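Trainee: I have a structure open and would like to learn how to read it. Could you walk me through it?

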Amino acid sequence: MTNDSGSETPGQPLSVDELSDRLRSRGLRVTGPRLVVYNTLAKQGGHRSADEVAAAITAAGPSLPRTSVYNALKALVDAGLADVVDAGPGTTLYEVRGESHHHFICRQCNALLDVPTEESVNGSLYSELPGARVESAQVILRGLCPDCAARPTARA
Ligand SMILES: [Zn+2]
Ligand SMILES: [Zn+2]
C-alpha cells in the first residue's frame with residue numbers, strides 16, 4: 001500500500017492490528033464481529049445501512065446475526081472508527097471514519113454525496129456556542145446533484 005498524502009478517499013482501511021489497538025484504546029473488546037463488520041464497511045466504501053453490511057458479510061462467508069452487525073457498528077461508532085451519517089429520518093447509514101466531510105442529498109435521485117469540508121467547521125461559518133466543546137460537525141446540504149441539475153427539467 002502506498003502512503004499517499006492525498007485525501008480523496010475517506011476511510012483508509014486499518015489493518016487488523018491497528019483496528020484492534022483502536023478498539024482496545026477505547027476500552028472496547030476486540031471481537032470477531034467487530035473486525036468483520038469494520039472490514040466489510042471499509043471494503044464496501046461509501047455509506048451503508050446495517051442491512052447492506054449484513055448482506056455483504058453473508059455474501060462473503062459465514063453470516064452474522066443482524067443484531068451482531070448492529071452492535072458491532074455501534075461499537076465502532078463509539079470507538080471513533082465509524083460515523084453515523086445523518087441522512088434524514090428513518091435512514092441510518094454508516095461509513096468508515098475518514099476525512100471530515102459533510103453530506104449532500106439530492107432531492108430528486110436521493111444520491112448521497114460527500115462534500116469535503118473546508119476550514120469552515122471551526123471557522124467563521126458557524127457561530128460559537130459558549131461553553132460547548134464541539135467535537136464534530138455534520139452538515140446536510142440539499143438540492144440537485146450535478147447529474148440531476150444538468151438534466152433538463154422534467155415537466156410531466
Ligand atoms: Zn440527483
Ligand atoms: Zn460520507
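**Reading a helix and a metal site**

Mentor: Gladly! Keep in mind that this is a predicted model. What covers the buried residues of helix 4 includes helix 1 (16–25), helix 2 (32–44), helix 3 (50–60), strand 1 (82–86) and strand 2 (92–96).

Trainee: Which residues of helix 4 are buried?

Mentor: Start with the general idea: an α-helix has 3.6 residues a turn, so residues three or four places apart point the same way. Here the buried ones are Val69, Ala72, Leu73, Ala75 and Leu76. They cover an arc of only 160° around the axis, so they sit on the same side of helix 4. Thr67, Asn71 and Lys74, on the other side, are exposed.

Trainee: How far apart are the end C-alpha atoms of helix 4?

Mentor: They are 18 Å apart, which agrees with the 18 Å that 13 residues (66–78) should span at 1.5 Å a residue. Just after helix 4 comes Gly80, with a positive phi of about 75°.

Trainee: Now the metal. Which residues coordinate the zinc ion (ligand 2)?

Mentor: His47, Glu95, His101, His103 and Asp114 do, at 2.0 to 2.6 Å, and Glu95 is listed with two OE entries. His103 is in strand 3 (residues 101–106) and Asp114 in strand 4 (residues 112–116), so this pair ties together parts 11 residues apart in sequence.

Trainee: Is His103 buried or exposed?

Mentor: His103 is buried, at 0% relative accessible area, whereas Asp114 is partly exposed at 33%.

Note on methods
Residues numbered from 1 in each chain as written. Chains lettered and ligands numbered in written order. Predicted model: local features only at pLDDT ≥ 70, side-chain atom pairs only at ≥ 80, totals over all residues. Heavy atoms only, no water. Helix = DSSP H or I, 4+ residues; strand = E, 2+ residues; numbered from the N terminus. Expected span 1.5 Å × (residues − 1). Buried < 20%, exposed > 50% of the residue type's maximum accessible area, 1.4 Å probe, protein only. Arc of directions from axis to C-beta. Contact = heavy atoms within 4.5 Å. Donors = N, O, S within 2.8 Å, 3.2 Å for Na, K, Ca; no water.
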